[in-house]
Amino acid sequence: MGATQLCRGETWRALLLVFCLWGLISVSSAARLGTSRQKFEVRKHLNRLNKPAVKSIQSPDGDIIDCVHISNQPAFDHPFLKDHKIQMRPNFHPEGLFEENKLSEGPKERTNPINQLWHANGKCPEDTIPIRRTKEDDVLRASSVKRYGRKKHKSFAKPRSAQPDLINQSGHQHAIAYVEGDKYYGAKATINVWEPRIQQPNEFSLSQLWILGGSFGEDLNSIEAGWQVSPDLYGDNNTRLFTYWTSDAYQATGCYNLLCSGFIQVNSQIAMGASISPVSSLRNSQYDISILIWKDPKEGHWWMQFGNDYVLGYWPSFLFSYLADSASMIEWGGEVVNSEPNGQHTSTQMGSGRFPEEGFGKASYFRNIHVVDSSNNLKAPKGLGTFTEQSNCYDVQTGSNGDWGHYFYYGGPGKNSNCP
């Protein structure tokens, strides 16, 4: 009897071992299947994004810039753009732009011209546009293939209904100047360029202008451009030129740069998402970039210009609902992600990482800020407001003078003794 029980015990143990091994094999197979499915999705997405190149340029920072024929760019994957005739230049620039450029070239404090790093190793031929090649690692860093190249939902600054010094629940924090209460057809600013320190790889720091239409609910329209440091998006801590758009409050539409169909680029010299160089340093040379976004009164498209010489391209008006007509709010300033590592405020810097009161050479600035009115004129902003969720972490201070027109200093270090 004891021998029979022993045999049964051995049989059960053997069966249990088989079941365990089978379970492990199943889990391992499922994981492999999941990984191979993910890799397939990533490769499919890369094939969609990385168009055939006429020429490729290796940038000193490790980027590859593909010179893609203008008619093969990602914008034309959009079903509404299949038969679109590319508009190579805007019908109208805003009135007063060229006078403004002359004025803003020589402020009292000396600032310097700026470039993109890849220019050191070549340029793209005419009839092509430079596109930063997306690598497998870039996509794998995203939470999913679908979310790659997109901001998180509810990452906007909402000055109207927010109370001062309330932490933004989405983890995004801002220090901005803004105007509202009119119809706006564009905005311009010259933005001081820095390389802020980022504490966590999933955080970012950017300085940009926002062209906004609609409510701050599910239907917000936004066009954005400026510079950013985003290890998650680019895999490094370089300062990069970027654009963004959405027509549904960052939910399903829009993306950074050319990472989806939408923006139509016409310029062969400037690459969205590419590193800009040099950057400013404390008590040393200061560098800034000028960005202008405006609505062409004839076609209705939203155009973007970088510096005085580079008209980059346009967002077709059909991408938007509210912005198909006009913007109801303009914002300029900084934004960071505060993921609260270890339950404390992040030490990710905004701007230069210094507070506004430190002034030129230490604090970051926006100068010569303008809006475009319904007559396509560049105008000084009326009733400029400011907003920050926690002024002891990041702050903003406005001013005006003859050389810089309307300007403001902004930014901060994040975590400090007054911002624990």
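**Notes on a predicted model**

1. Start with Ala380. Setting aside neighbours within four places in sequence, Ala380 is in contact with His370, Val371 and His406. Contact means heavy atoms within 4.5 Å. Ala380 lies in the loop between β19 (378-379) and β20 (385-388). Its C-alpha is 8.4 Å from that of Asn368, and the two residues are twelve apart in sequence.

2. Some ground rules. This is a predicted model, in which local features need pLDDT of at least 70 and side-chain atom pairs count only at pLDDT 80 or more, while totals for chains, interfaces and linings use all residues. Residues are numbered from 1 along each chain as its sequence is written, and side-chain values use heavy atoms, with hydrogens and water left out.

3. Check the confidence. pLDDT is the predictor's confidence in each residue, from 0 to 100. The chain averages 88, and 85% of the residues score at least 70. Where does pLDDT stay under 50? Over residues 161-168, for which the model has twelve contacts beyond four places in sequence. Where pLDDT is low, the predicted coordinates should not be read in detail.

4. Now the overall build. The chain has four helices and 22 strands. Both kinds of element are DSSP runs, numbered from the N terminus: helices are H or I with at least four residues, strands are E with at least two. Of the 420 residues in the chain, 53% are buried. Take the contacts between residues at least 6 apart in sequence: 75% of them join residues at least 24 apart.

5. Next, the rings. How many aromatic pairs does a search of the whole structure find? It finds 18. Rings of Phe, Tyr and Trp (its six-membered ring) pair if their centres lie within 6.5 Å; planes under 30 degrees apart are stacked, over 60 edge-to-face, and the rest tilted. Phe263 and Trp315 form an edge-to-face pair, with 4.6 Å between centres and 65° between planes. This pair links distant parts of the chain, 52 residues apart: Phe263 is in the loop between β11 (255-256) and β12 (264-265), and Trp315 is in strand β16 (residues 310-315). Both Phe263 and Trp315 are buried.

6. One aromatic cluster is made of Phe360, Tyr365, Trp404, Tyr407 and Tyr409. Elsewhere, Lys151 lies over the face of Tyr244, 5.6 Å from the ring centre. For a charge to sit over a ring, NZ of Lys or CZ of Arg must be within 6 Å of the ring centre and within 35 degrees of the ring normal.

7. Look inside. A search of the whole structure finds one cavity of 30 Å³ or more. A cavity is a set of points on a 1 Å grid, over the protein atoms alone, where a 1.4 Å probe fits but cannot get out; lining residues have an atom within 4 Å of a point. The largest cavity holds about 150 Å³ of space. That volume is the space filled by probe spheres set on the points, which are joined across faces, edges and corners. Of its 14 lining residues, the closest to the centre are Arg132, Thr134, Asn257, Leu259 and Met272. Two elements give two or more residues to the lining: β5 (128-132) and α4 (231-234). Which of them gives the most? β5, with three residues.

8. Follow α4 onward. Gly235 is in the loop between α4 and β10 (240-246). With a relative accessible area of 47%, Gly235 is partly exposed. Beyond four places in sequence, Gly235 is in contact with Arg141 and Ser230. Asp137 is 98 residues from Gly235 in sequence, yet 8.0 Å away in space, C-alpha to C-alpha.

9. Last, the backbone. A cis peptide bond joins Ser277 and Pro278, with omega about -5°. Pro278 sits in the loop between β13 (276-277) and β14 (286-295). Arg283 lies in the loop between β13 and β14 too. Arg283 is not a glycine, yet its phi is positive, about 55°. Arg283 is exposed, at 61% relative accessible area. Asn342 also has a positive phi of about 55° without being a glycine. Asn342 is in the loop between β17 (327-337) and β18 (364-372). Asn342 counts as exposed because its relative accessible area is 75%.

Conventions
Buried means under 20% relative accessible area, exposed over 50%, partly exposed in between (1.4 Å probe, protein chains only). On a 1 Å grid over the protein atoms alone, a cavity is a set of points where a 1.4 Å probe fits but cannot get out, and a pocket is an open set with protein on both sides within 12 Å along at least five of seven lines; lining residues have an atom within 4 Å of a point.
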